[in-house]
Amino acid sequence: MAWDSKSGTLNAKTLSDDEYWSLFNYVFVGGAKKTSTYKFALIKAILDNLLNNIPTENGQEILYANLFEKFAESYWNLVVKYNLKQKHNDSKGYISKIEQIFKEAISKNQILKNIEFANIEKSTQIKLTEKVQKECKANVLGALWGDFQGNIYAFDKVNGDRITISHGAYDFCLRHKMELEKLNYYAWAKFLESINEKSLLYKVISKIETSLPERKPLDIYRKILFEEFEQNNCFYCGKKLCSTIIHVDHFIPWSFIKEDKLWNFVLSCPECNIKKSNKLPSRNFIYKIQNRNKLILSQFTSQDFVSQQFKNYKNELIPNLWQYAFYSGFKTGSNDTYYHHFSDYSQVSVA
């Protein structure tokens, strides 16, 4: 059986988008066996880690530690915060092993019951993630690999500490990230409806959406960009920034990448940030942020924080993400007046 396989290799065949959609739809609405929501949580964890990847010749690698931290976070908030069962009743019981892990942790420390995963003390987070990783390596890593017929990722339970996503699958997941997330939410919600009491299912899709990841304070990025990098003007309109009312903006909307990375942050005045909202900036600004990041890389990579934030960053990353977000339905604010200030920026070289 695939679920207890010790390892799984990548299929070398190049797939079309239709073939990738067929694989995912098999898990979402097809005949893939599911006694719990483990597969949905693992797919969500993969999608949430697409920018925590390590590029290699064979594919894009995601460390187990990062993968199962996201898995643990989604499960914790759904199980602890919303009290939603994640497993069908069967001969082995009515709650999953991961639910048992969380309930045991709470029985030893009742304070945890009122804390979201992101706010749990770090050493406790790590212990919980390690237990989740052990369970998932045993019971879902091989199962989902089997459902995908080895076409999405490779793994090694015994000697490995990461999955390797094929280049084709990685590109597909980035291009269709929003659609995959929505389909996964819907399938997850339908499963939860079949095993939970109606009283717990109010806004169940919203509960899944908000279960992870939590948006974190951006003060550290504001301080670095303004004080250390001396970015004293609004990125969009060029107006001088007042140190007391600086907004930190995700250039590519957070709702698309769900990651806080220095290379994706710019400082803006309140007016521009409010106008931009959850839209993409004009394509012209891509050149500007590429040059800004080039400057940071040339002057500040000796700083550990900057080096970590720019790990795996490449010049083409932002234009690619911009394009993927655009095709996923994100609108641009190119018709707003505040974008016209740098309308000639497309002529600036990023060589």
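In strand β4, phenylalanine 155 is the bridge partner of glycine 8, and two bridges join β1 to β4 (residues 153-156), the two running antiparallel. The model is predicted, so that local features need pLDDT of at least 70 and side-chain atom pairs count only at pLDDT 80 or more, while totals for chains, interfaces and linings use all residues. Residues are numbered from 1 along each chain as its sequence is written, and side-chain values use heavy atoms, with hydrogens and water left out.

**Sheet**
- The open sheet has five strands in the order β1-β4-β5-β3-β2 with antiparallel pairing, where strands are DSSP runs (E, at least two residues) and helices likewise (H or I, at least four), numbered from the N terminus, and two strands pair if DSSP finds at least two bridges between them.
- The edge strands, each pairing on one side only, are β1 (7-8) and β2 (54-55).

**Helices α7 and α8**
- The axes of α7 (residues 167-175) and α8 (residues 177-195) come within 4 Å and cross at roughly 80°, axes being lines fitted to C-alpha atoms, for helices over the stretch in contact, with angles from 0 to 180 degrees between N-to-C directions.
- Phe172, Cys173, Leu174 and Arg175 in α7 meet Lys177, Glu179 and Leu180 in α8, contact meaning heavy atoms within 4.5 Å.
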